[in-house]
Amino acid sequence: MARLLVFVLFLLAASAAFAGAAHELPAGAGQYVYHDTATDKNITVFYYKPRNYKPDMPVVFVLHGLRRNAAEYRDSWIGPAEQNGLMVLVPLFKRDPYRGSNGYNLGNVFHATTHREAIGRAKPDTLNPKSLWAFTLVGRVFDDFRHNRQTTERTSYDLYGHGAGAQFAHRFAMFMPHARVDHIIVGAAGWYTVPDRQVNWPYGIADVPQITDADLKTYLGRHVLILIGGADNRRRNTIMRQNRYANAQGDTRVARSLYEFQYAKRLAKRLDTPFNWQRWVIPGVPHTPAQMTPFAASYFAAVAD
C-alpha cells in the first residue's frame, strides 16, 4: 500500500511538472495573445526569452514608442537580453482602447474627447476607472506571465521606456505607488509631467488631487534613472512637443531631462524624503532607441537582486 501511495504521488508530481512545462514559452523571439478581461481586449505581447533562461532572471517590460511598434522594440532587445540574461516583455498598447497620446503617453488616466490634451482637463468627472488606465495593464500582463506563460521566481519587474514610452514610464511611477516595479529607466522623454502643484495637468499636477504627498514621497524614493543621449538636442526633424508649457521645461530633450531631475531633487528636500533618482547622459547618442538599449540592458543586469 505504501509503495502504491508513493507511486501515485510520483505520477501526480510528474503530471504537474508536465502541465507546467506545457505552458513554457519557446526560447528566442516570439509573441502571444493575452485576453485582458478589464478592457475585454486581446493584447499582443512580444517577448524575448534567452536560450539559457533561468527562473531567477529579471523580467523587463519594454514600452514602445509613439508608432506602437512593439515588435521592433522587442527585436532591438534580442542581443542585449541574451547577453545580459533578461526576460523581455513588450506589450502592444493598441489604439483601441488606448487612443492617442492621452490614451498611451498619459496613461489613459483622464478621459479626453480629442487627441490634444487641454490644460486643466484633470477634473474629477473626467477620471477614468483605474482598470482602464494604460498603467494598470502592465501589472495584469505580469500576473498572466507568471501564472500562465513561464516559470519564474520573480515577483516584481523592471520597466524601460523610450520617447513616448519614457513619458508613460515616469507617469506610471507617479500614478502607481504600489506597483511591483524595482527599477525604471526613463529614456529620452520629449517632455514631462513635473511634480509641480503650481502647474496644471498634463505639465504639472496642480489639478490632480489623486496624487497625494505620500504618493510623491514614494515616487521620489523609487529607483528611477533618467537617461538621455548627449546628442539628443535637435528641435527639428524629431517629434518633441513645442508650446509654452513644454518649453518652460527647456528647449531640448537634454535640457528638459535636467529640469525634471532638478525639480524632483528640490521637491524631495522640501518633503524631507529620500531621493533615489539618477540622471545619466550618454555622450554622442542621438534620439535613437537602438543606441540606448545596450546600456539599459546592462544597467538592469547590474542592479538585479
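## Two cis prolines

Pro-202 lies in the loop that runs between E6 and helix H7 (213–221). The bond joining Trp-201 to Pro-202 is a cis peptide bond, with omega about 5°. The model is predicted, and local features are given only where pLDDT is at least 70, side-chain atom pairs only at pLDDT 80 or more, while totals for chains, interfaces and linings use all residues. Residues are numbered from 1 along each chain as its sequence is written, and side-chain values use heavy atoms, leaving out hydrogens and water.

A cis bond also links Asp-96 to Pro-97, where omega is near 20°. Pro-97 is in the loop between strand E4 (87–91) and helix H4 (100–103).

## The chain as a whole

The chain has ten helices and eight strands. Helices (H or I, at least four residues) and strands (E, at least two) are DSSP runs, numbered from the N terminus.

Of the 305 residues in the chain, 53% are buried. Buried means under 20% relative accessible area, exposed over 50%, and partly exposed in between, with a 1.4 Å probe and protein chains only. Among the contacts (heavy atoms within 4.5 Å) between residues at least 6 apart in sequence, 68% join residues at least 24 apart.

## Aromatic rings

A pair of aromatic rings is described by how far apart the centres are and by the angle of the planes. Rings of Phe, Tyr and Trp (its six-membered ring) pair if their centres lie within 6.5 Å; planes under 30 degrees apart count as stacked, over 60 as edge-to-face, and the rest as tilted. The whole structure holds 24 aromatic pairs. One of them joins Phe-93 and Tyr-98 edge-to-face, at 5.5 Å centre to centre and 65° between the planes. Phe-93 and Tyr-98 are both buried. Phe-168 and Phe-172, by contrast, are stacked, with 6.3 Å centre to centre and 15° between the planes. Because Phe-168 and Phe-172 are four residues apart in helix H6 (residues 164–175), about one helical turn separates them. Both Phe-168 and Phe-172 are buried.

Trp-191 takes part in another kind of arrangement: the charged end of Arg-171 sits over its ring, 4.6 Å from the centre. A charge sits over a ring if NZ of Lys or CZ of Arg is within 6 Å of the ring centre and within 35 degrees of the ring normal.

## Nonpolar cores

In soluble globular proteins, nonpolar side chains tend to be buried together. A nonpolar core here is a set of buried Ala, Val, Leu, Ile, Met, Phe, Trp, Tyr and Cys residues joined through side-chain atoms within 4.5 Å. The largest core has 64 residues, and among these Phe-172 and Phe-175 touch the most other members. H6 supplies the largest share of this core, eight residues. A second, separate core has 26 residues, including Ala-81, Val-90, Ala-188 and Met-292.

Which residues are in contact with Phe-175, leaving aside its neighbours within four places in sequence? They are Val-109, Phe-110, Trp-133, Phe-135, Trp-201, Val-208 and Ile-211.

## Pocket and cavity

Both kinds of space are found on a 1 Å grid over the protein atoms alone: a cavity is a set of points where a 1.4 Å probe fits but cannot get out, a pocket is an open set with protein on both sides within 12 Å along at least five of seven lines, and lining residues have an atom within 4 Å of a point. Grid points are joined across faces, edges and corners, and a volume is the space filled by probe spheres set on the points.

The largest pocket holds about 570 Å³. It is lined by 25 residues, of which Leu-66, Gly-163, Ala-164, Ile-239 and His-287 are the closest to its centre. Helix H2 (70–76), H6 and helix H10 (289–303) each give two or more residues to this lining, and H2 gives the most, three. The structure also has one cavity of 30 Å³ or more; the space in the largest cavity is about 70 Å³. Its lining includes Pro-58, Arg-154, Tyr-157, His-183 and Phe-300. Strand E5 (157–162), strand E6 (181–187) and H10 each give two or more residues to the lining of the largest cavity.

## Positive phi angles

Asn-108 is not a glycine, yet its phi is positive, about 60°. Asn-108 lies in the loop between H4 and helix H5 (134–149) and is buried, at 11% relative accessible area.

Asp-272, also a residue other than glycine, has a positive phi near 55°. Its loop runs between helix H9 (253–271) and strand E8 (278–282). Asp-272 is exposed, with 70% relative accessibility.
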